[in-house]
Amino acid sequence: MERVPEPELMDTPEQTAAYAEADFSEANDLFVSHMFAHHLPDFASVIDLGCGPGDIVVRLACRYPHWQLTALDGGENMLARAEHAIDNARLRDRVSIVKRLLPDVSDVVAHDAVISNSLLHHLPEPDVLWAAIRSLLIPGGVVQVMDLLRPDNEAEVDALVAKHAANHPSVLQQDFRNSLFAAYTLEEVKQQLDDAGLDLHLEQVSDRHWMARGRP
Ligand SMILES: C[S@@+](CC[C@H](N)C(=O)[O-])C[C@H]1O[C@@H](n2cnc3c(N)ncnc32)[C@H](O)[C@@H]1O
């Protein structure tokens with residue numbers, strides 16, 4: 001099925017409210033559970049690119065009580081949601097917020113780990129993410145990126161929306177549908193990694209997600 005790009009930012013108040021209030025715990029738990037295997041140090045610094053409403057950084061900060069986390073996003077309303085979640089969890093001393101629209105990562109320091117979930121399919125040029133990862137990673141650092149997989153046909157898109165978003169508000173169902181059309185296939189991600197010179201382990205990790213991870 002042909003890829004159909006979607007807008008880069010999803011930052012209207014309606015979109016950010018619907019996204020921040022939705023329950024993405026299954027996908028976010030999947031992401032967080034895979035961080036364990038990297039054996040990062042107790043006092044690791046981790047940056048989340050396209051952090052959205054901040055659920056993943058909050059989960060990581062709670063699970064790893066000495067990590068310093070940075071939540072980066074280009075959307076003003078989305079970052080306001082992240083700020084709220086971080087304040088609510090009383091994590092302001094360990095989670096900082098950075099407003100940047102990739103490819104601009106000026107003045108952002110390198111981290112022990114660079115992570116990202118569901119950002120790649122929003123970017124008009126996918127190499128923007130892989131280049132940002134290279135410039136924000138310390139030598140020997142860890143990368144973990146997860147995103148949706150583009151299904152083979154529209155019937156599979158319909159089935160995934162029915163399975164995973166039936167109880168979500170219609171704005172979110174439409175976002176999920178658009179995201180499945182905008183997502184990349186495993187072969188396309190493999191090509192992007194090769195082009196970027198990033199040697200990462202790439203695999204399908206759910207009925208709708210791929211993950212690329214490792215120390216490139
Ligand atoms: C689908 S959301 C994913 C949010 C979060 N990572 C999650 O897992 O729920 C994509 C996020 O990427 C952000 N974004 C899109 N393009 C961006 C760019 N060029 N630079 C920084 N953030 C961007 C959007 O504002 C949005 O918050």
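I count a residue as buried under 20% relative accessible area, as exposed over 50%, and as partly exposed in between (1.4 Å probe, protein chains only). The model is predicted, so I took local features only at pLDDT of at least 70 and side-chain atom pairs only at pLDDT 80 or more, while totals for chains, interfaces and linings use all residues. Residues are numbered from 1 along each chain as its sequence is written, and side-chain values use heavy atoms, with hydrogens and water left out.

**Entry 1: salt bridges**

I looked up the salt bridges, taking each as a side-chain nitrogen of Lys or Arg within 4 Å of a carboxyl oxygen of Asp or Glu. The structure has 14 of them.

I went to Arg 208 and found its side chain in a salt bridge with Glu 26, at 3.6 Å from N to O. Arg 208 sits in the loop between strand S6 (201-204) and strand S7 (209-214), and Glu 26 in helix H2 (residues 25-35), so this pair ties together parts 182 residues apart in sequence. Arg 208 is buried, at 8% relative accessibility. I also noted a salt-bridge network that links Glu 26, Lys 163, Asp 207 and Arg 208.

**Entry 2: two further pairs**

I checked Asp 158 and found a salt bridge to Arg 177, with the closest N and O atoms 2.5 Å apart. This pair joins distant parts of the chain, helix H6 (residues 154-165) for Asp 158 and helix H7 (residues 170-182) for Arg 177, 19 residues apart. Asp 158 is partly exposed at 37% relative accessible area.

I then looked at Glu 203, whose side chain meets that of Arg 213 in a salt bridge of 3.0 Å, N to O. Glu 203 is in strand S6 and Arg 213 in strand S7, 10 residues apart. Glu 203 is partly exposed at 27%, whereas Arg 213 is buried at 17%.

**Entry 3: the ligand**

Which residues come nearest to the ligand? Of the 20 around it, they are Glu 8, Tyr 19, Gly 50, Asp 73 and Asn 117; a residue is near if one of its heavy atoms lies within 4 Å.

A side-chain N or O atom of Glu 8 is 2.5 Å from a ligand nitrogen, and one of Asp 73 is 2.6 Å from a ligand oxygen. Gly 74 places a backbone N or O atom 3.1 Å from a ligand nitrogen. The protein covers 98% of the 600 Å² of accessible area that the ligand has on its own (Shrake-Rupley method, 1.4 Å probe).

How values were computed: Helix = DSSP H or I, 4+ residues; strand = E, 2+ residues; numbered from the N terminus. Polar contact = N/O pair within 3.5 Å; in protein donor to acceptor, adjacent residues only side chain to side chain.
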